[in-house]
Amino acid sequence: QYRARSAFKLLEIDKRHRLLVPGQVVVECGAAPGAWTQVAVAAVNSLPQAKNKSQGMVIGIDLQSVHPVPGATLLDGRDFTAPQTQLQVLELLNGRKVNVVLSDMAPKASGIKGLDHENIISLAYAALRFAAQNTAEGGSLLCKIWEGFMTHQLISDMKRSFRTVKIVKPAASRGDSSEAFLVAKELFHEPTT
Ligand code: SAM
């Protein structure tokens, strides 16, 4: 039983783009109420549910409080964009590199389209910067946006760190016309020619 219908967006994107595998380390930004966390815990086997598969790790962060999700470490009541929050994440990682950064972070919508767009894009940049610095070679980033005039700049900035970036609209987010997800794969640290 998932805590929110948003779980189906992640399940749909993961099925199509194959982001989550047992054993991976996942940092999830904007985790409340915890539906993506539930999906991630099962997919990377962080509980671990499957004894014969490698055990992953899930760290979720949110401004709001989140009820515990077995198999995940939740840093709630924290702003992901604050440097001290990211330091806490790094402490929990204890030297392990991240394989996948997930961001379903969204600001409180003001109703002013351009403003909401700018605000969610700046959250996406926070996830991108964190991913570029802390993700293992070959890692990936999935990030929610509300589409608008800054979408293309964000995609081209993602392409400076990831070999492929795709914009996807899962059927599960049909109701929200400007919602889209960027799937960035194959992080590289050194530009290749
Ligand atoms: N993926 C979640 C799930 O499936 O349960 C739903 C996430 S909800 C759409 C967006 C969340 O982003 C909200 O809970 C909000 O508090 C969080 N958020 C927004 N800005 C944030 C920030 N700066 N740091 C941490 N979380 C943030």
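This is a predicted model: local features need pLDDT of at least 70, side-chain atom pairs count only at pLDDT 80 or more; totals for chains, interfaces and linings use all residues.
Let me start with a helix pair: Ala7, Leu10, Leu11 and Asp14 in helix 1 meet Ala35, Trp36, Gln38, Val39 and Ala43 in helix 2, where contact requires C-beta atoms, placed from the backbone, within 7 Å. By class, that contact has seven nonpolar, one polar and one charged residues, with Ala, Val, Leu, Ile, Met, Phe, Trp, Tyr, Cys and Pro taken as nonpolar, Asp, Glu, Lys and Arg as charged, and the others, Gly among them, as polar.

Residues are numbered from 1 along each chain as its sequence is written, and helices (H or I, at least four residues) and strands (E, at least two) are DSSP runs, numbered from the N terminus.

Staying with helix 1 (residues 7-17), its buried residues are Lys9, Leu10, Ile13 and Asp14, buried meaning 20 or more other C-beta atoms within 10 Å of a residue's own, and exposed 12 or fewer. They lie on the same side of helix 1, because they cover an arc of only 125 degrees around the axis, the arc being that of the directions from the helix axis to the C-beta atoms. On the other side of helix 1, Lys15 and Arg16 are exposed. The packing partners of the buried residues are helix 2, strand 5 (135-146), strand 6 (162-168) and strand 7 (179-187). Finally, just after helix 1, arginine 18 adopts a positive phi of about 50 degrees.

Notes: Axes are lines fitted to C-alpha atoms, for helices over the stretch in contact, and angles run from 0 to 180 degrees between N-to-C directions. Two residues are in contact if their C-beta atoms, placed from the backbone, lie within 7 Å.
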